[in-house]
Amino acid sequence: MRPEAVIFDMDDVLCRYDLGRRLRALSRITGKMPRDIRAAIWDSGFEDAADSGGYPDPEHYLSEFGRRIGHDITRAEWVEARRESMQPWPDMLELAAKVGSQARIAIFSNNGPLTKASLPELFPDVTAIFAEHYHSFEFGTKKPDPASYTKLLARMGLEPGRCWFIDDKRSNVTGARMAGLGGHHFRSRDQLEPELRALGFET
């Protein structure tokens, strides 16, 4: 039976996400070394904490981001660097739109509050296709924790067995399956399309 809803990860499914490009952009903006920015934000556990709900509003998150890197970064600068790291994949956006004409679609991404608040600026193509986009910070835990999917589906008003989840990380697909969803480990559109057709979608 065709799923009622198909839920997509964002980075490395609908666009290419390049942390190196983001670090270099932040370096140009702040004058700090990329390795020092990475240590302060990613290696320190700050970004994981933000993805898990530790900084529930954009202002608090941005203030702590700036404090940790030693630069009073503006929202516009943060958005500029995040956007530079994202290269949209038109073929996957086209496929998502086709699926969206046949079922409910949503995004579920491991991200904090500023990504959610800024998504129309960061990735306008995706907000034009997806009316629903959810981010892990909203649920106080992140993928692959099965509880993150359970909370997501409660928010959406859906039963797990009627949903299908797509993610580039195998562990995240495993977590979704543990929560009762169907799942696909994404590597390419060519490998995804046959599974969608087998589920009853026209691609």
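Guide: Lys116 is partly exposed, with a relative accessible area of 24%; buried means under 20%, exposed over 50% and partly exposed in between, using a 1.4 Å probe and protein chains only.

Visitor: What kind of model is this, by the way?
Guide: It is a predicted model, where local features need pLDDT of at least 70 and side-chain atom pairs count only at pLDDT 80 or more, while totals for chains, interfaces and linings use all residues. Residues are numbered from 1 along each chain as its sequence is written, and side-chain values use heavy atoms, with hydrogens and water left out.

Visitor: Back to Lys116. Which residue forms a salt bridge with Lys116?
Guide: Glu138 does, with the closest N and O atoms 3.5 Å apart. A salt bridge here is a side-chain nitrogen of Lys or Arg within 4 Å of a carboxyl oxygen of Asp or Glu.

Visitor: How many salt bridges does the structure hold?
Guide: There are 19. One of them joins Asp43 and Arg38, whose closest N and O atoms are 3.5 Å apart. Asp43 is exposed at 55%, and Arg38 is partly exposed at 38%.

Visitor: New topic. Which residues of helix 6 are buried?
Guide: In helix 6 (residues 90-100), they are Met92, Leu93, Leu95, Ala96 and Val99. Seen down the helix axis, they fall within an arc of 160°, so they line one face of helix 6. That arc is taken from the directions from the helix axis to the C-beta atoms.

Visitor: Why would residues a few places apart point the same way?
Guide: An α-helix has 3.6 residues a turn, so residues three or four places apart point the same way.

Visitor: What do the buried residues of helix 6 pack against?
Guide: They pack against strand 1 (5-8), strand 3 (86-88), strand 4 (104-109), helix 8 (124-129) and helix 11 (189-198). Contact means heavy atoms within 4.5 Å.

Note on methods. Helices (H or I, at least four residues) and strands (E, at least two) are DSSP runs, numbered from the N terminus.
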